[in-house]
Amino acid sequence: MTVLALSPVLVCWRGHRFDGSESVVIVATQKRTLGGRELQLPCMSSLTSKTSTQKFFLRVLQVIIQLREDTRRANKKAKQTGRLGSTSLGSASSIQAAVRQLEAEADAIIQMVREGQRARRLQQAPPPTATAAVAAGSSVVAPLAPAGTAPPAGTAGAATSEVPSVSEGPAGQREESPMDVDQPSPLEQDPAALDEEGNSQTENEERLPDLPLLSEQLLLDELWDMLGECLKELEESHDQHAVLVLQPAVEAFFLVHATERESKPPVRDTRESQLSHIKDEPPPLSPAPLTPATPSSLDPFFSREPSSMHISSNLPPDTQKFLRFAETHRTVLNQILRQSTTHLADGPFAVLVDYIRILDFDVKRKYFRQELERLDEGLRKEDMAVHVRRDHVFEDSYRELHRKSPEDMKNRLYIVFEGEEGQDAGGLLREWYMIISREMFNPMYALFRTSPGDRVTYTINPSSHCNPNHLSYFKFVGRVVAKAVYDNRLLECYFTRSFYKHILGKSVRYTDMESEDYPFFQGLVYLLENDVSTLGYELTFSTEVQEFGVCEVRDLKPNGANIIVTEENKKEYVHLVCQMKMTGAIRKQLAAFLEGFYEIIPKRLISIFTEQELELLISGLPTIDIDDLKANTEYHKYQSSSIQIQWFWRALRSFDQADRAKFLQFVTGTSKVPLQGFAALEGMNGIQKFQIHRDDRSTDRLPSAHTCFNQLDLPAYESYEKLRHMLLLAIQECSEGFGLA
């Protein structure tokens, strides 16, 4: 007898020792059910009753998926050998019988539950409420195929298992004969289509049929609709644990729609692949004049960055379906993942690793930490002493660490301040990180300069080559920043948006120039929105660069000084001049920094974050005093007593710490809180208090921001709920501070 055990389901193949016949036995083991008293929603009690079929359905589904996985392995092996083993073909009928029995058992339980629910409803005098109906419906699993009907070709019954063949033969042969159910038995095939060895003589002789999608075999749309309605109700519950009652059904949805995806080859983290996004690229062709058929939004450099709400129509239907599901029920899904003890990459939600933007920052950070641990599994970490003088922390640290290997840099640092007797139990290391994060911006090293857009954030100094060791220093700084993230330590450093994008491997856009050089950005906007002839002067494909008081003209493309910017090629000019200022002028320094950073944390892992989240990962979540911010706010076309302003402060107080930090990033460009409070908030022209301007355009627009002026443009929304929803949507989904129509 062969047994496949997946608690609470046992699938047994029992062979008769006299006539060689086989039978299938399925046993559902006892399972512990949660009591309805553990939940705050009374309508959830039906889901936790003894007749609930969620967990049983999930186990049945897992068995079917295991059978299908073995089918793929069998097909792959058969393709390599050129034929199917007779043992595998003979076992197919047993597998089909097993899955049909599973479907029949599931259908029988479903019908039993439905009859019980129908009887209870008839006993109730008043008609059931919509809420109760939704909850009751969610405990019902939509049937698979009808119990008495043979599955069509390629249905869920057409699957295989890791269960070895039970047919007679040597033990070794039995182990290497996985069961293939998509192949019809020899008796069902046309004898003329087989040669003397049993191989097909059709044109696709070596090609075995692929398994159809599981979502196409199982007709479960009714179940998913019920599940969605119930999840919407759970979102309104204040009980964070209530969502766990529906976790088996949510897992089943992802197993059906997102489990069977092509495996990707392992990615090698080579220096070339990780730095490819900042390499020199050939100048793009001049785009054609804009017409209704070619709107500017089609150009990724000029279009707005896609938010996690955008789902491409080019994706497979299954992918679109689970992305819409995950987007709609994002809150509940993140609550489940927060409480899950299974690593994201190993569980039923592993597909979200490829669509990480659906996840909240804390869930991403949890996954990030787990992946770092896996990356260094087996790596022996020892204490590595770093001797520094308090007055020369940067130089001494550089001398001690810049020649260490990446593996050595992952050791535990033990800081020793010369002339001091303190023992490092963690406090000295924290102090070392604080000091070195300040020293790296010391103007004496000429590595970084403050951004003229806000005078708070830092970007690479294009003139850093005045320091002969600047590239080596940049690599060391990249290592230090990555090491702090690796050690889960915080640094007092805040960079520009474009610099964070370079770390993440994302392309910069012309809107990122706003925080780099606001007057220049305004000129680019005017150029894009108006005819070139209105400039009043001739513009060429060249730009002026000032170094040490000397002005130099550099071509943006070969012979650029002699190429006139026209209406037809002005977008190419904007693209090239932005790339020159934000990437080309600092390419060597940037490459050195990123090389040091990626030695500690690979690009593929850090790139799961957005640029706002990366800042929070490096510098931590700030403590934002709402009362202090309110006391230092200016209003334009609003009064402090306006109903929208009262709603605004109420909404801001309701945000958690992470969303408050994102709001601060949205309106000021950084999560840094001034040491002197918000009265000392910096703008491009010096001290600039937070401003709220009334936006008299449509109330269907999202709030927008101008980070150089710490300005929020807030439409006059009709209700508190709409204001809070639109504000939260803007700070969470819009990576740029510009309103969406």
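Colleague: What makes you say that strands β13 (residues 690-695) and β15 (residues 711-715) pair in this model?

Modeller: Five bridges join β13 to β15. Pairing asks for at least two bridges between two strands, so β13 and β15 count as paired. They run parallel, and one of the bridges links Gln691 to its partner Gln711 in β15. Keep in mind that this is a predicted model.

Colleague: On to the rings. How many aromatic pairs are there, and what makes Phe254 and Phe325 one of them?

Modeller: The structure holds 35 aromatic pairs. For Phe254 and Phe325, the ring centres are 6.2 Å apart; the limit is 6.5 Å, so they pair. Their planes stand at 75 degrees, and over 60 counts as edge-to-face. The pair links distant parts of the chain, with Phe254 in helix α7 (residues 247-258) and Phe325 in helix α9 (residues 317-328), 71 residues apart.

Colleague: Are Phe254 and Phe325 buried or exposed, and how do you know?

Modeller: Buried means under 20% relative accessible area. Phe254 is at 0%, so it is buried, and Phe325 is buried as well, at 10%.

Colleague: Why is the pair of Tyr445 and Tyr473 described as it is, and what does this pair tie together?

Modeller: The centres lie 6.0 Å apart and the planes are at 70 degrees, so this pair is edge-to-face. Tyr445 is in the loop between α14 (427-439) and β6 (448-450), while Tyr473 is in helix α15 (residues 470-486), so parts that are 28 residues apart in sequence are tied together. At 9%, Tyr445 counts as buried; Tyr473, at 11%, is buried too.

Colleague: Which residues do ring pairs link into a cluster?

Modeller: Phe441, Phe448, Tyr458, Phe474, Phe495, Phe499, Tyr500, Phe593, Phe597 and Tyr598.

Colleague: How do you know that Arg390 lies over the face of Phe417, and what about Lys581 and Phe520?

Modeller: The charge has to be within 6 Å of the ring centre and within 35 degrees of the ring normal. Arg390 is at 4.1 Å from the centre of the Phe417 ring and lies over its face. Lys581 likewise lies over the face of Phe520, at 4.7 Å from the ring centre.

Conventions: Residues are numbered from 1 along each chain as its sequence is written. This is a predicted model: local features need pLDDT of at least 70, side-chain atom pairs count only at pLDDT 80 or more; totals for chains, interfaces and linings use all residues. Side-chain values use heavy atoms; hydrogens and water are left out. Rings of Phe, Tyr and Trp (its six-membered ring) pair if their centres lie within 6.5 Å; planes under 30 degrees apart count as stacked, over 60 as edge-to-face and the rest as tilted. Helices (H or I, at least four residues) and strands (E, at least two) are DSSP runs, numbered from the N terminus. Buried means under 20% relative accessible area, exposed over 50%, partly exposed in between (1.4 Å probe, protein chains only).
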